[in-house]
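Visitor: I'm new here, and I like to know where the labels come from. Could you walk me through this one and back up each word you use?

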Amino acid sequence: MKTLHFSTVINAPRQRVWDVMLGPETFKLWAAEFAEGSYFEGAWDKGEKIRFLTPDGRGLTSVIAENRPYEFISIQHLGYIKDWIEDTESDGVRAWAPASENYTFSDADGATELKVDMDVTPDFEVYMGGDWPKALAKLKALCESGP
């Protein structure tokens with residue numbers, strides 16, 4: 001497992017970046033960079049189950065490991081979802097789960113620096129390495145475009 005690191009500076013307050021990143025409707029807009037129609041089911045509260053899905057029933061089943069509003073959120077990915085069915089027990093899933101995905105929000109000269117750290121297996125390294133920068137650019141544009 002390898003941890004990928006991404007960051008961007010967004011000309012908006014931390015609360016705005018947090019709200020746009022995690023809001024159900026705005027999440028769909030920037031997460032479309034990974035897969036068109038991406039959305040989540042569940043809540044971002046510590047200890048809550050959350051599922052990241054595509055319209056065809058693929059995705060990840062996860063839990064929120066930590067949530068410090070406007071500062072830090074940690075997601076623990078526990079398994080895959082295929083055809084709407086969760087897999088947390090197969091050998092393929094056990095080879096990588098749990099995997100962390102962390103978002104850190106900090107002040108940066110009147111703006112917000114957003115850092116993303118994500119554990120990936122070698123087969124997802126190129127995919128995530130290419131799509132996270134596009135997703136962050138989309139998130140930045142959404143946050144900076146006003147209410």
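This is a predicted model: local features need pLDDT of at least 70, side-chain atom pairs count only at pLDDT 80 or more; totals for chains, interfaces and linings use all residues.

Visitor: How many helices and strands does the protein chain have?

Guide: Its secondary structure comes to four helices and eight strands. Reading from the N terminus, the order is β-α-α-β-β-β-β-β-α-β-β-α.

Visitor: What makes the protein chain as compact as a globular protein of that length?

Guide: Set the value against the rule. The radius of gyration is 15 Å, and the globule rule gives 15 Å for 147 residues, so the chain is as compact as a globular protein of that length. As for its extent, the C-alpha trace spans about 45 × 30 × 30 Å along the principal axes.

Visitor: And how much of the chain counts as buried?

Guide: Of the 147 residues, 44% do. The chain exposes about 7600 Å², with carbon and sulfur atoms supplying 53% of that area.

Visitor: Back to D45, then. Why is D45 called partly exposed?

Guide: Buried means under 20% relative accessible area and exposed means over 50%, with partly exposed in between. D45 has 47% relative accessibility, so it counts as partly exposed. Leaving aside neighbours within four places in sequence, D45 is in contact with I64 and N67. D45 and I64 are 19 residues apart in sequence, yet their C-alpha atoms are 6.4 Å apart in space.

Visitor: What makes the pairing of T61 and E86 a polar contact?

Guide: Their side chains are joined at 3.3 Å, and a polar contact calls for N or O atoms within 3.5 Å, one able to donate a hydrogen and the other to accept it.

Visitor: Does the label cover S100 too, or how do you know that S100 is buried?

Guide: S100 has a relative accessible area of 18%, and buried means under 20%, so S100 is buried. S100 is placed in strand β7 (residues 99-108). The side chain of S100 makes a polar contact of 2.6 Å with the side chain of Q76. Among the other residues that S100 contacts, beyond four places in sequence, are I75, D117 and D119.

Visitor: Why is C143 called buried?

Guide: The relative accessible area of C143 is 4%, and the limit is under 20%, so C143 is buried. C143 is found in helix α4 (residues 122-144). Not counting residues up to four places away in sequence, C143 touches I10, A12, R16, V17 and V20. C143 and R14 are 129 residues apart in sequence, and their C-alpha atoms are 9.9 Å apart in space.

Visitor: Is Q15 buried, partly exposed or exposed?

Guide: Q15 has 43% relative accessibility, which lies between the 20% and 50% limits, so Q15 counts as partly exposed. Q15 lies in helix α1 (residues 14-22).

Visitor: What makes D109 exposed?

Guide: The relative accessibility of D109 is 86%, and exposed means over 50%, so D109 qualifies. D109 is in the loop between β7 and β8 (111-120). D109 also has a positive phi of about 50 degrees although it is not a glycine.

Visitor: How do you know that the peptide bond from A97 to P98 is cis?

Guide: Its omega is near 0 degrees. Most peptide bonds are trans. P98 belongs to the loop between α3 (91-94) and β7.

Note on methods. Residues are numbered from 1 along each chain as its sequence is written. Side-chain values use heavy atoms; hydrogens and water are left out. Helices (H or I, at least four residues) and strands (E, at least two) are DSSP runs, numbered from the N terminus. The radius of gyration is taken over C-alpha atoms; the globule rule is 2.2 Å times the number of residues to the power 0.38. Buried means under 20% relative accessible area, exposed over 50%, partly exposed in between (1.4 Å probe, protein chains only). Accessible areas come from the Shrake-Rupley method with a 1.4 Å probe; for residues, only the protein chains shown count as cover. Contact means heavy atoms within 4.5 Å.
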